[in-house]
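Please look over the sequence and structure shown here before reading on. The briefing below begins with the surroundings of the ligand and then turns to the protein as a whole.

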Amino acid sequence: MSDPTSAIQESPYDRSALRPRILHLGFGAFAKAHVMAFHDDMLRRTSGDWGVIAVRLHSGADELTQLDEAGGVFTVGEMSGAGLHLREIGCVTGTLHARRDGLPALLSRIADPGLGVITLTITEKGYCLSGSALDLAHDGIREDLANPEAPRTAIGILAQGLAMRMATGAPGVTILSCDNLPANGHLCRRALLDYAGQLDPKLTEWIETVCRFPCSMVDRITPAMTQASRQKLEAALGRPDPNGILCEPFRQWVIEDSFAGERPQWDLAGAQFVADVAPFEEMKLRLLNGSHSFLAYLGALADKETISDCMNEPVLKSAAQKLMLDEQAPTLEVPGGVDIPGYAADLIERFSNPALQHKTTQIASDGSQKLPQRLLAPIRHHLGTGRPWPLSALAVAGWMHYCRGASETSAALPLNDPLAERIRSIAGQSDGTGYVDTLLSLTPVFGDELPASQDFADKIRSAYDDIGSRGVINSIAASL
Ligand code: CS2
C-alpha cells in the first residue's frame with residue numbers, strides 16, 4: 001500500500017534576493033530537517049534576505065557537491081501514519097567544504113562582515129569538551145593550537161574566523177549551538193574562550209564583548225536516510241532527490257533571546273525566543289533523549305531494530321514511560337505552561353511512529369558523550385534526594401553490555417564512539433564486576449565523584465549482573 005502524499009509545497013520566495021547572512025556548520029540530516037525547515041518557513045512569511053551557506057568540515061564533500069548540482073534546493077518529507085507531507089527547502093544559497101574548497105574560502109566567509117549568524121550542528125563531540133571546559137589535551141585542539149592558522153576542529157576554525165573578523169573590524173556575530181548539550185550556548189562560548197585564551201587575550205576580550213552564544217533547545221526526530229527511505233521519498237516525489245530527508249512532523253526550537261545583531265524572525269515559523277532556555281533543554285534532554293538512550297541500549301541488546309519496535313514491546317514501552325515520569329521528570333524545573341504527563345504521552349506517541357524506522361544502533365552511537373547529560377545528571381540528583389532510580393541504572397548497565405558488541409542473541413552491535421578503542425580494550429580484558437568498575441573509572445564519562453559513591457557503583461554492578469543473568473526484558477519487568 002502506498003502512502004497518501006500531499007503535493008510538494010514549493011518555496012515561493014525570491015531566492016535570488018537571498019544574501020549569505022547565515023552559515024550553518026555541520027550541514028547534515030538534522031540541520032536539513034530542523035534548522036533549515038524553520039528557516040525556510042520564516043522566508044515564506046517575510047521578504048527577508050537571510051540566505052544560508054551550508055558547511056561541512058570533514059566528511060560529506062560529495063553530498064555538498066550534489067546539493068550544489070540541485071541549486072541548493074532539497075525536499076523535506078514529514079512522515080506520519082497518515083502519509084508523507086513534502087516541502088521544498090530553498091534557503092541554501094551556497095555550500096562550502098573545508099577540504100573541497102580550502103580553508104581560506106571558509107575562513108573568509110566566517111569573517112565576512114555581512115554574516116550575522118553561525119548555526120551549529122556539530123554533535124556533542126564537536127565541542128571537544130572535558131566536563132564543561134575545553135579539553136586542552138584533545139588531539140585536535142592541541143594540533144590546532146600549535147598551528148592556529150590551519151585549524152581542523154570546529155572550535156579552531158571558528159576561533160580563526162573570529163580572529164579575522166576582529167582584525168578587519170567586522171562586527172561581532174551570533175554563534176547558535178543546535179546540539180543536544182545542556183547550556184549548549186554557554187559550553188560553546190566557553191570552548192571558544194578557552195581556545196582563544198591560549199592564543200590571544202585580545203581575541204578573548206573581543207569575543208566576550210561583541211559575540212553572542214544563545215542557548216537553544218532543538219527537537220525533531222530525524223533518522224539517518226537508508227535505501228528504503230530514499231525509495232520512499234522517490235515514490236512520493238515522482239523523482240529521486242539525493243539531497244532529500246525524511247523526518248517526523250513534530251518540530252520545536254526554543255532559543256535564548258541574545259543576539260549580537262539582527263535576529264532572524266524564526267518566531268514566524270514557530271520558534272520561541274525566551275530569556276532562559278535551561279528548563280526546556282533539560283526537559284527535552286532528559287525525557288526525550290534520556291529515554292531514547294535507554295531504549296537504544298536495552299532495545300538493541302534485546303534485538304529491537306528500531307525505536308518503534310521497542311514501543312511494540314509492552315515492557316519497554318511501560319519502562320520508557322516510567323523512566324520519564326518517575327526518574328526524569330522529578331529532577332526537572334518544569335518550564336511554565338508545560339504539562340509533563342502530556343509531554344511524556346506525546347513522546348511515547350512520537351516514538352511509536354512506525355514510518356520513522358529510527359535505528360536503536362544509530363541512537364546508541366557516542367554514548368560516552370551522551371550519558372552524562374541524559375542519564376548521569378538525573379542519577380546524581382537521585383543520589384542527593386534518596387529517590388530510587390532502577391531504570392536509569394539499567395540504562396547505564398545496558399550501555400556497558402552494549403559496549404561489548406553483541407546482543408543477547410549474539411548479533412553484532414556497532415560501537416561508534418570517540419572512546420571506542422579504549423572501551424574495546426577494556427571489554428577485551430575483563431567481564432563482570434572488573435569490567436563495570438573499569439568502565440566506571442572513565443572520568444570523561446563518569447567524572448570523579450559518581451564512581452566514588454558506593455551506592456552508585458553497587459547499583460550499576462547489580463543492574464549489570466541482572467541483565468546478564470535474567471536477560472534485558474526480565475530485568476526491566478522486575479523494575480516496573
Ligand atoms: C537521538 C536524537 O540520536 C540521538 O541521540 O536521541 O538525535 C533525537 O532523535 C533528537 O534529539 C530529537 O530531537
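**Ligand shell and overall fold**

In this predicted model, α11 supplies three residues to the shell around the ligand, which is the largest share. The residues that surround the ligand are N180, D219, R220, I221, K284, N289, H292, H358, I363, K370 and R374.

**Composition and origin of the shell**

- By residue class, the shell around the ligand consists of five charged, four polar and two nonpolar residues.
- Domain 1 (15-274) and domain 2 (278-479) each contribute at least three residues to the shell around the ligand.

**Polar side chains at the ligand**

- The side chain of K284 places an N or O atom 2.6 Å from an oxygen atom of the ligand.
- For H292, an N or O atom of the side chain is 2.8 Å from an oxygen atom of the ligand, and a polar side-chain atom of K370 likewise lies 2.8 Å from a ligand oxygen atom.
- The ligand taken alone exposes 350 Å², of which the protein buries 89%.
- Two or more residues of the shell around the ligand come from each of the elements α11 (278-301) and α16 (367-385).

**The protein as a whole**

- The protein contains 23 helices and 13 strands.
- Its radius of gyration is 22 Å, close to the 23 Å that the globule rule gives for 480 residues, and the protein is therefore as compact as a globular protein of that length.
- The C-alpha trace of the protein spans about 65 × 60 × 45 Å along its principal axes, and 55% of the 480 residues are buried.

Definitions and conventions: Residues numbered from 1 in each chain as written. Predicted model: local features only at pLDDT ≥ 70, side-chain atom pairs only at ≥ 80, totals over all residues. Heavy atoms only, no water. Near = heavy atom within 4 Å. Polar contact = N/O pair within 3.5 Å; in protein donor to acceptor, adjacent residues only side chain to side chain. Areas by Shrake-Rupley, 256 points an atom, 1.4 Å probe, with all protein chains shown as cover. Helix = DSSP H or I, 4+ residues; strand = E, 2+ residues; numbered from the N terminus. Nonpolar A, V, L, I, M, F, W, Y, C, P; charged D, E, K, R; others polar. Domains from an automatic or database assignment. Rg over C-alpha atoms; globule rule 2.2 N^0.38 Å. Buried < 20%, exposed > 50% of the residue type's maximum accessible area, 1.4 Å probe, protein only.
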